[in-house]
Amino acid sequence: MKPLKTYAVVPKLPTELEPLRSVVYDLHWSWNHAAIGLFRRLDGDLWEATGHNPVLMLGSIAQDNLDAAAADPAFLTHLERVVDEFETYRQSQTTWFERTHGSDPGLRVAYFSLEFGITECLSIFGGGLGILAGDHLKSASDLGIPLTGVGLLYQEGYFGQRLNEAGWQTEVYEPNDFHNLPVELVTNAEGDPLTVSVPFPGREVVALVWKAQVGRVELYLLDTNHDRNNAEDRRITDRLYGGSRETRMKQELLLGVGGFRALELLGITPTAYHMNEGHSAFLVLEWIARLMDDNDMSFAEAKEAASGLVFTTHTPVPAGHDYFQPELVKRYLGRYADHYGLSLDDFLALGRRNPGDRREEFCNTILALDMASYSNGVSKLHGVVSREMWTGLWPDHPVDEIPITSITNGVHAKSWVSQEMKDLYDRYLGPQWREEPADAAVWKRVRDIPLAELWRTRERRRERLVAFARRRLSRQLAMRGAPQAEIEVADVVLDPNALTVGFARRFATYKRADLILQDVDRLLAIMQDRDRPVQFIFAGKAHPADDGGKRLIQKLIELTRNPDVRRHLVFIADYDMSVTRTLVQGADVWLNTPVRPLEASGTSGMKAAVNGVLNVSTLDGWWDEAYEDGVGWAIGRRETHPDPEWRDRFEAHALYDLLERDVAPLFYDRGVDGLPRGWLARMQNALTKLNSQFNTHRMVREYTENYYLPAGARQQRMSANGGSRARDLSGWKERIRGSWSQIRVVDIESATAGDVVVRDNITVRAQVHLAGMTPDQVAVELYYGSLDPSGNIAGGEIELMEPVESSGDSHWFETKALSFATSGKHGFTVRVLPHHRDLVNPHELGLIRWG
């Protein structure tokens, strides 16, 4: 039954508590320990029951509790302190960005992501990608970056996990009541809800716009549950990653095009757009169409004018990227082809590896790579993997010069550190660890923390983790209908004094949660060692369509039913941010076992590291660049194995060896004072060396200085004077593409014909036919280095050759700087690349000519 009239009912707060209203609607509370402590103080049980949602909590709390808090001087003092902290934070004029780049450098960043993990009560994320996006916004807020987030507000969010009698994962979707979440409906000047319209086949889809305040950063979220939409379209924003590929197409069209239009309605004009994965790539199509209309540009000209684009890829395997059938693209995006004056095949070529293959599907990642001025992977290793994966888009270009760089992920330290570790850091590191977590000098002060205090903190957090695991296990057994005797066992599982290994992440098969189960007898011996017992706590969800991941969970559940195992190995169901936080704060060791190189980055180990937890991991993702002796342990080396079964057996036994011979002995080796000094020394090493590098403050600063500011400046240059430079670049690209097939290296001359002495300089001359182009429109380069066993130049070095003489279309270029630093077999060749003042990278056109 539909209501005749609706109301938004708000809690009635005593006057003394009215400041709470502004606190609960600013998600800055999610990384402010004092604010979270205030909510717990108001009603700790209700805080837990509402899923750490202060808006719902204020709407549910008994009026007597509110009145008692309003009359409690200690509570009011606590509230005043939190409000003062929030106001000081919002109004601060001394952020990193303002100190470094001034108050108005002309930068405005729009950060698009299909998911954002800011706090557990705002269920619009599924895993690492969303949590990274949330941490990105938090650090942008702390640093004062002028950034706005854009995403979708899901009615049911991501699923809740339940396990049936057989240990098989089932999914439960709980509807979100947006009016009881820390978001607010955006209204227009008349006070009506602001709506944005997005063209869909034969109709317009209307979306409401909601705002989440994330400290100094606004996050705008679109919601299609509007009565002007038909029933099917109202469900577009029902679930994250739910439904068919057509549903994904609808969501990504809404995110990209709807998000672009929403910013326009809000009066926000970004100078740089950051696409966090290819899900939002359709924003480029809308931007180009708008530039064509506003500036009377051709498609090619508008494509150059839309130059403030940054793209981050998080996916290390081709199958993980979005692909859409040509018919689906024609139906939903065909109007853009018409608008651009392109044939459907030419339009589809924007998202194809092989533009001539009419059967190939359209890939958003290829569209983003083609359009972005800057593209990056999320760790150094992932940058290498991404360049190799997409080398076909730049044929004949050296893999290490493919224009995909890397910025390694990080974590927002204040969001993941425990209260106890925060207190230690405040006491011995000072406020700088919060304000400048990327400053390595700050973390060196970790060595000032007395070992006894550091160890007491570790023990306290482990005790809390064990208590948490027992409560959660008891609850999930009861929900599953387990016998009372089995439920009672949950009260005594795990030992608060035993070495505790944590593993919490998405259960995808390549992450190999079952690697530790390769030899169950050996695992049992490790767990049941009388002098050095080891216990394990697992948590994680499998994607609803991933039966392989679900079988991994089932395998673990079956093992926990073994009486010899159940006290030493626990699986916590319904993994979320709260579970993650408790695990990374309380474990002693963080286990990560992905198949190299399938982990793009991984950030759970970074969250553990900021709490002094030591990592044991394969050398993949972030750990490949973070690992060094003394900060944790590496499983295996950097080798690859053609036989997956042999690889898993080898790495499982390497893990058992580490636990038996290195990890457990170091943990249990206690001095006369009861302290494991060797273990604590390794903790200090890890805290000192890892935390300054693997945090989102460092990461967002790199994005800002390497990408956002250059992209924004380029965007302003290309759009100035009616886009004159964009038009010039477009015309130049057309001319050079037309001439490129005729450009060739005609002749190469070297001043020596015999052996060369180390560090002798050699003069090299090259004659190049430029087919009507001028020498300043190309870069002629010497490419040289040692030869690999196949006779190819390995890891070539580059020396620019200068034009020295011309005759018609024939031009001579020269360098006198060729020299070899080592002996052995070396060689050189000459290559030609396009050159223009407005190219970001000479490889971006995919044109190269070798001698």
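## An antiparallel sheet

Strand β27 (residues 826–834) pairs with β28 in the antiparallel sense over two bridges. Strands here are DSSP runs of E with at least two residues, helices are runs of H or I with at least four residues, and both are numbered from the N terminus. Two strands count as paired if DSSP finds at least two bridges between them. Valine 832 has arginine 849 in β28 as its bridge partner.

These strands belong to an open sheet of four, in the order β24-β23-β27-β28, with antiparallel pairing. The edges are β24 (797–800) and β28 (849–850); each has a single partner strand, so one side of each is left without a neighbour in the sheet. Helix α29 packs on this sheet and touches β23 (778–786), β27 and β28. Contact means heavy atoms within 4.5 Å. The direction of α29 makes about 130° with that of β27. Axes are lines fitted to C-alpha atoms, for helices over the stretch in contact, and angles run from 0 to 180 degrees between N-to-C directions.

## About the model

The model is predicted: local features need pLDDT of at least 70 and side-chain atom pairs count only at pLDDT 80 or more, while totals for chains, interfaces and linings use all residues. Residues are numbered from 1 along each chain as its sequence is written, and side-chain values use heavy atoms, with hydrogens and water left out.

## A parallel sheet

Six strands form another open sheet, ordered β17-β16-β15-β18-β19-β20, with parallel pairing. Its edge strands, β17 (569–572) and β20 (632–635), each pair on one side only. On average, neighbouring strands are turned by 20° against each other, direction ignored.

Within this sheet, two bridges join β15 (residues 499–504) to β18 (residues 589–592). Valine 501 stands opposite valine 589 in β18. Helix α28 (residues 677–690) packs on the sheet, where it touches β15, β18, β19 (614–618) and β20. The direction of α28 makes about 75° with that of β19.

## Glycine 612

Where does glycine 612 lie? Its place is in the loop between α25 (604–609) and β19. Glycine 612 is buried (under 20% relative accessible area; exposed is over 50%, partly exposed in between; 1.4 Å probe, protein chains only), with a value of 1%. Leaving out residues up to four places away in sequence, glycine 612 touches Met421, Arg458, Met683 and Leu687.

## Two helices in contact

Helix α7 (residues 128–143) packs against α29 at an angle of about 80°, with axes 9 Å apart. That makes α7 roughly perpendicular to α29, a term for angles of 65 to 115 degrees. On the α7 side, the contact includes Leu132, Asp135 and His136; on the α29 side, Thr696, His697 and Met699 are among the residues.

## Nonpolar cores

A nonpolar core is a set of buried Ala, Val, Leu, Ile, Met, Phe, Trp, Tyr and Cys residues joined through side-chain atoms within 4.5 Å. Which members of the largest core touch the most others? Of its 172 residues, they are Phe282 and Leu333. Helix α29 (residues 696–740) gives the largest share of this core, 13 residues. Apart from this core lies another, of 78 residues, among them Ile131, Leu454, Val534 and Ala626.

Definitions and conventions. Parallel < 35°, antiparallel > 145°, perpendicular 65-115°, else oblique.
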